[in-house]
Amino acid sequence: MRILFTTIAAAAHFHPTVPLAWALRAAGHEVRVACEPGFTATVTQSGLPALAVGQDVDLRTFWQGHDLGPREDMTAKEHQRLRLTRAIGMFSGIAAAAADDLIAFAESWRPDLVVFEARAYAGLIAARRLGVPAVRHLWGLDTTYGRRDFDGPFLEELWSRYGLAGVDPLGDLTVAPCPPSLAEPGELPRKHIRYVPYNGPGVMPSWLLRPVERPRVCVTWGHMFAQRTGTLHGLEMAVAALRRLPVEVVAAITPSQRALLGEVPPGVRVVESMPLNLLLPTCDAVVNGGGAGTMMTALASAVPMIMVPSHADEYHYAERLGGAGAAVSVDYRQADAAAIERAAATVLGDPAYGTAAIRLRGESALLPTPGDLVADLEKLAVA
């Protein structure tokens with residue numbers, strides 16, 4: 001069987017699909033991952049074969065002039081609508097930049113199945129043009145399900161460019177790698193699987209194996225915040241807050257973020273390109289910007305969180321994890337070092353947060369693995 005995976009050029013969207021792609025290859029199936037040319041190195045680092053389609057899209061162009069909070073002449077509701085409009089415009093634009101090349105490749109290679117991460121709509125277009133099943137792969141919680149009505153008119157315009165109409169953006173099956181208790185309610189064809197963390201390649205340093213003398217707290221702000229804002233202000237603020245507590249602080253960044261990071265206080269360990277699935281199991285808490293990759297890896301590691309959301313999806317994640325008792329959130333727009341310090345002290349001082357994180361990890365551990373899903377996809381492809 002031939003399976004075509006598609007992703008936008010964002011690690012948080014691609015990484016959660018890697019374990020399923022590995023499982024399909026291990027079962028003897030051919031896999032290709034279609035992405036923007038500039039993202040092929042990220043794909044090949046995962047051990048999967050990449051296919052460059054379309055052209056690179058600079059995501060920052062879609063967010064220029066967009067503030068994290070409403071302007072004085074704008075209500076919160078108007079700001080939210082503008083943000084959602086820009087988001088679906090971005091995802092539609094990415095799809096349009098890749099779709100022609102992807103369709104041409106698919107017509108030549110003839111995949112039996114297309115797996116598209118939830119916003120890689122070019123994959124869904126190719127599947128519908130070929131008449132093969134399309135599987136929507138989430139990166140954690142399903143933030144797109146509830147936006148179908150809002151996104152619909154924008155997506156109908158996208159479908160029409162390729163001679164399609166009435167395409168269901170949910171595809172034929174949704175793969176949900178998250179605990180069912182955190183899933184969006186709704187009747188849709190859905191398979192829950194265990195979230196298997198993949199955060200890129202890396203080397204495990206020996207210091208991770210040594211016992212910690214104080215509670216270890218990781219601070220990380222993912223990829224997207226720095227790309228959108230050109231700063232690491234949130235991470236720097238969190239580091240300053242944690243220095244007031246009796247904890248060991250580890251700041252996890254990417255190499256490209258090093259130039260954005262200001263002077264680091266003595267005693268703070270900075271690590272570059274360390275996969276969070278190696279680091280977080282040794283931590284007592286993680287302070288983060290609320291991104292999906294960090295959140296899901298923390299859940300898989302049973303680590304409670306201090307979440308500092310700044311964009312809509314992140315607020316949704318923070319609300320759900322807070323409701324589950326595994327996180328405390330601080331709105332980035334009102335955050336300062338004192339507020340983050342209080343939140344961290346609360347999480348570290350109350351064992352209930354760790355207990356909730358352990359419960360969610362246990363719930364996920366009972367789910368089928370990506371390997372267990374292979375047989376279902378094989379049946380879907382020949383149905």
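Colleague: Is Phe-39 buried or exposed?
Modeller: This is a predicted model. Phe-39 sits in the loop between β2 (30-35) and α3 (40-45). Buried means under 20% relative accessible area. Phe-39 has 7% relative accessibility, so it counts as buried.

Colleague: Which residues is Phe-39 in contact with, leaving aside its neighbours within four places in sequence?
Modeller: The loop between β2 and α3 holds Phe-39. Leaving aside neighbours within four places in sequence, its contacts are Thr-7, Ile-8, Ala-9, Ala-10, Ala-11, Phe-14 and Asp-56.

Colleague: How many residues of helix α10 are buried?
Modeller: Helix α10 spans residues 292-300. Its buried residues are Ala-292, Gly-293, Thr-294, Met-295, Met-296, Thr-297, Ala-298 and Leu-299.

Colleague: What covers the buried residues of α10?
Modeller: Helices and strands both take part. The strands include β8 (216-220), β11 (285-288) and β12 (305-307). The helices include α9 (276-279), α11 (312-323) and α13 (351-365).

Colleague: Why is α8 called oblique to α12?
Modeller: Helix α8 (residues 233-242) and helix α12 (residues 337-349) have axes 8 Å apart. They pack at an angle of about 60°. Roughly parallel needs under 35 degrees, and roughly perpendicular starts at 65. That angle therefore makes α8 oblique to α12.

Colleague: By class, what residues make up the contact of α8 with α12?
Modeller: From α8 come Met-237, Ala-238, Ala-241 and Leu-242. They meet Ala-337, Ile-340, Glu-341 and Ala-344 in α12. By class, that contact has 7 nonpolar, no polar and 1 charged residues.

Colleague: Which element gives the largest share of the largest nonpolar core?
Modeller: This core has 40 residues. Leu-4, Leu-102, Tyr-121, Leu-124, Ile-125, Leu-158 and Trp-159 touch the most other members. Two or more residues each come from α4 (76-109), β4 (113-117), α5 (121-130) and α6 (148-161). The largest share is 14 residues, from α4.

Colleague: How many residues are in the other core, which lies apart from it?
Modeller: Leu-208, Cys-218, Val-271 and Val-286 are among its members. The core has 38 residues.

Colleague: Which residues does Trp-159 touch, not counting those up to four places away in sequence?
Modeller: Trp-159 is one of the residues that touch the most other members of the largest nonpolar core. Beyond four places in sequence, Trp-159 touches Tyr-121, Leu-124, Ile-125, Leu-164, Ala-165, Val-167 and Pro-169.

Terms used: Residues are numbered from 1 along each chain as its sequence is written. This is a predicted model: local features need pLDDT of at least 70, side-chain atom pairs count only at pLDDT 80 or more; totals for chains, interfaces and linings use all residues. Side-chain values use heavy atoms; hydrogens and water are left out. Axes are lines fitted to C-alpha atoms, for helices over the stretch in contact, and angles run from 0 to 180 degrees between N-to-C directions. Helices (H or I, at least four residues) and strands (E, at least two) are DSSP runs, numbered from the N terminus. Angles under 35 degrees count as roughly parallel, over 145 as roughly antiparallel, 65 to 115 as roughly perpendicular and the rest as oblique. Contact means heavy atoms within 4.5 Å. Ala, Val, Leu, Ile, Met, Phe, Trp, Tyr, Cys and Pro count as nonpolar, Asp, Glu, Lys and Arg as charged, and the others, Gly among them, as polar. Buried means under 20% relative accessible area, exposed over 50%, partly exposed in between (1.4 Å probe, protein chains only). A nonpolar core is a set of buried Ala, Val, Leu, Ile, Met, Phe, Trp, Tyr and Cys residues joined through side-chain atoms within 4.5 Å.
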